[in-house]
Protein chains: 2
Amino acid sequence: MQGNNHDDVRRHNLSTILRLVHRQGAASRAQLTRLTGLNRSTIGALVGELVERGLVEERTPTPTKLAGRPSPIVAASDRVVAIAVNPEIDAITVGVIALSGVVHRSIRFATPTTPTAAEAVTITAGIVTDLRREYEEYSIIGMGVAVPGLVRAHDGLVRNAPHLGWVDEPLCEMLAAVTGLPVVAANDASLGVTAERHFGAGRGMTDLIYLNGGSSGIGGGLVVGGVAAGGRTGYAGEFGHTRVSAGRRTDSAGIAGTLEAEVTRGALLAVLGLRAGDTDADALERALLASDAPAVRAEVDRQLDFLAVALAGAVNILNPELIVLGGFLAALYGVDPGRLTRAVAALTLGAAFDEVRIAPALLGSNLLLIGAAELAFEALLLDP
Amino acid sequence: MQGNNHDDVRRHNLSTILRLVHRQGAASRAQLTRLTGLNRSTIGALVGELVERGLVEERTPTPTKLAGRPSPIVAASDRVVAIAVNPEIDAITVGVIALSGVVHRSIRFATPTTPTAAEAVTITAGIVTDLRREYEEYSIIGMGVAVPGLVRAHDGLVRNAPHLGWVDEPLCEMLAAVTGLPVVAANDASLGVTAERHFGAGRGMTDLIYLNGGSSGIGGGLVVGGVAAGGRTGYAGEFGHTRVSAGRRTDSAGIAGTLEAEVTRGALLAVLGLRAGDTDADALERALLASDAPAVRAEVDRQLDFLAVALAGAVNILNPELIVLGGFLAALYGVDPGRLTRAVAALTLGAAFDEVRIAPALLGSNLLLIGAAELAFEALLLDP
DNA sequence: GATGATACGTTGCCAATGTCAACAAATCAT
DNA sequence: ATGATTTGTTGACATTGGCAACGTATCATC
């Protein structure tokens, strides 16, 4: 319940323009005029200000074969960057992503053992020091961290990252203290849905669900009514613990019959006779498609049917436009898209939900880095 | 992606003030100054405009025992009203609700048979004609309809209201044509959550879930990140079709093992030996509390445990602050709150979600009328 | 009951912003 | 070259909220 004043108008308009060129790519001033509904002169002034601040660049227009004065192209700068960090079990990945969407760098630093939070901070700080030299001419606006675990929304405290063994680690504070950059963190899957929504399969949509199948469980994120839903404390999206069967298998939290207990990458690898280390999501999908062993097929069907129960539950509650599947869930889906689609349809209120689509994630290995960078950019986009 | 101009600022500020006094009750100008962050002079001008338009009234301040010039109390007008309509199986209820929150009238028109859409329109139009005479001095700003079924968001088409037997009825159009008022409609449960959120158990919260148990099924609504979630097409909130068991009982949509199949008012009445017609939610709760028959207790426990599965699934996905239970679900909860709370906790990621609360609905019989009126007020609140 | 302290509404001036209309510039078609 | 079309630029303008000074209404104290 806040009032608006003049500065807010300016800020909102600058924000709107910067968001447009950041999310939807370069646009001519004339296009911006149409999209925002603002006056030509206003657009001129606002773009001028953004250029002055180095956030956007104006390029000479490309010939359009149309009559009329050509309109300069406004593009988000390549030289305004965020640093994205993704700590994992066996590596820490650090990326440099520009406001333009370009991924300048992606560095994977393998760790011999699962890093502690302190080690992750030290490693990240080292890489950032190098990157700072390399990108001296650039403007580094902040750092975003994608954490595989529960992250408290308001301060970025890592409440519990089971696979890293982190509990109540003030990761943001630590990284901010070492690097001097503003640092924000969020759950990796919720960043995944942000990335897919703005730059991937869910472009421009206001209601979508993202489920990611990782080696250690299933997480997800959701966008509801155009807002990335974090829930009360930022823990929303734990699809993995939805009950889908009356079985006795338990998940990482000790709950029986959940999606995460029944639908696992490990079980797929086991029936294929593969080892975890050798197989990424693409290789898994290829292997699943190549195999015609009945046991493999049976396991795939079993998992798809359980996945359908969880998805149907979410669809009935959220009525999304799109369900995006990432990680091994995309592989699972790829083996028999029809089966999953039909199973979900059978468990939802048919006609009403027939517009729901299911699609594999589009952004591959850069997904989390893009999502984390987006998180870091958010402050800038809100108030350029 | 819209730009802001001067008019938008004014509109936003007027809207903010009107929303404040509508939702949070009367407030002094000084309080408004603090809440909005706007200047005293600005508040003066804005309140003056709202008074001129008849939307708010200024009262002489009550003695506060504080030093300083007393600040006039600004209150939403009693004389600006919306008409709320709720068609049901055996009656049509029409209410007159003021912007101040006062429920001026509530008329229940019993119908001998379940009304068709055309009959509902005729009956409503008749009542409205009378009300118009009665409230001649008032300003009727529009009509909101709470429909027990799926309502398409963008045009208020009633896609399917199973218990009324309505399919693809252009209810809004019909009512607007007959009454000449702007008419908006939405699912009853999603209006329930709006009402509880602004005026009931979920006051001021940004993330909550509402589940209503009716004689014919379980519906619900959700607020995610401060936004009433309608989903892609407005069908969000169908909690009743979440799978909670491997059983064979089916729900109204023919899906087996769902919440709506396992948790029913009918089963509770059956073990109590009561008839549907005689028993409202309060009477049901009293009967359940009074009975100590093992069969009753067993049925209550069974239903509570299934309800917990559905709630836990929603909690893991949405991480809400509060779950509001209405209708017979409130009665069920009232019998053994602890059992439900414990069961939900056991099925969610314990520590992370321990802030979730469960509460019965506060707004009784007026719930839907208040929600429907709120829907009608929304246009006015957005642009006073 | 006069005085001061406190809190708040009112008034006139000011800065900032977006709009508008007129004009200039850059392209295409003839 | 000329006109049509589209768009950027410029300066005048209206509107808005902020601000500071002033007026007003209450309480506390003597």
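Q: Contact means heavy atoms within 4.5 Å; which residues of α1(A) and α3(A) meet?
A: Arg10(A), Asn13(A), Leu14(A), Ile17(A) and Leu18(A) of α1(A) meet Ile43(A), Ala45(A), Leu46(A), Glu49(A) and Leu50(A) of α3(A). Helices are DSSP runs (H or I, at least four residues; strands are E, at least two), numbered from the N terminus. This is a predicted model, in which local features need pLDDT of at least 70 and side-chain atom pairs count only at pLDDT 80 or more, while totals for chains, interfaces and linings use all residues. Residues are numbered from 1 along each chain as its sequence is written, chains are lettered from A and ligands numbered from 1 in the order in which they are written, and side-chain values use heavy atoms, leaving out hydrogens and water.

Q: What makes α1(A) roughly perpendicular to α3(A)?
A: The two helices pack at an angle of about 75°, and their axes are 10 Å apart. Axes are lines fitted to C-alpha atoms (for helices over the stretch in contact), with angles from 0 to 180 degrees between N-to-C directions. Roughly perpendicular covers 65 to 115 degrees (under 35 is roughly parallel, over 145 roughly antiparallel, the rest oblique). α1(A) is therefore roughly perpendicular to α3(A). By class, their contact has 7 nonpolar, 1 polar and 2 charged residues. Here Ala, Val, Leu, Ile, Met, Phe, Trp, Tyr, Cys and Pro count as nonpolar, Asp, Glu, Lys and Arg as charged, and the others, Gly among them, as polar.

Q: Why is α11(A) called roughly perpendicular to α12(A)?
A: Helix α11 (residues 328-335) and helix α12 (residues 337-347) of chain A have axes that come within 5 Å and cross at roughly 95°. The label roughly perpendicular therefore applies to α11(A) and α12(A). Tyr333(A), Gly334(A) and Val335(A) of α11(A) meet Pro337(A), Leu340(A) and Thr341(A) of α12(A). This contact divides into 4 nonpolar, 2 polar and no charged residues.

Q: Which residues come nearest to DNA strand C?
A: A residue is near a strand if one of its heavy atoms lies within 4 Å of it. There are 27 residues around DNA strand C, and Arg10(A), His6(B), Arg29(B), Arg40(B) and Ser71(B) come nearest. α1(A) gives the most to this surface, with 4 residues. By class, the surface has 8 nonpolar, 12 polar and 7 charged residues.

Q: What makes the pair of Ser41(A) and a base nitrogen of DNA strand C a polar contact?
A: A polar contact is a pair of N or O atoms within 3.5 Å (within protein, one must be able to donate a hydrogen and the other to accept it, and residues adjacent in sequence count only if both atoms are side-chain atoms). An N or O atom in the side chain of Ser41(A) is 2.8 Å from a base nitrogen of DNA strand C, so the pair meets that limit. At Asn39(A), a backbone N or O atom lies 2.9 Å from a phosphate oxygen of DNA strand C.

Q: Which helix gives the largest share of the surface near DNA strand D?
A: The largest share, 4 residues, comes from α1(B). Of the atoms of DNA strand D within 4 Å of the protein, 62% belong to sugar or phosphate and the rest to bases.

How values were computed. Contact means heavy atoms within 4.5 Å.
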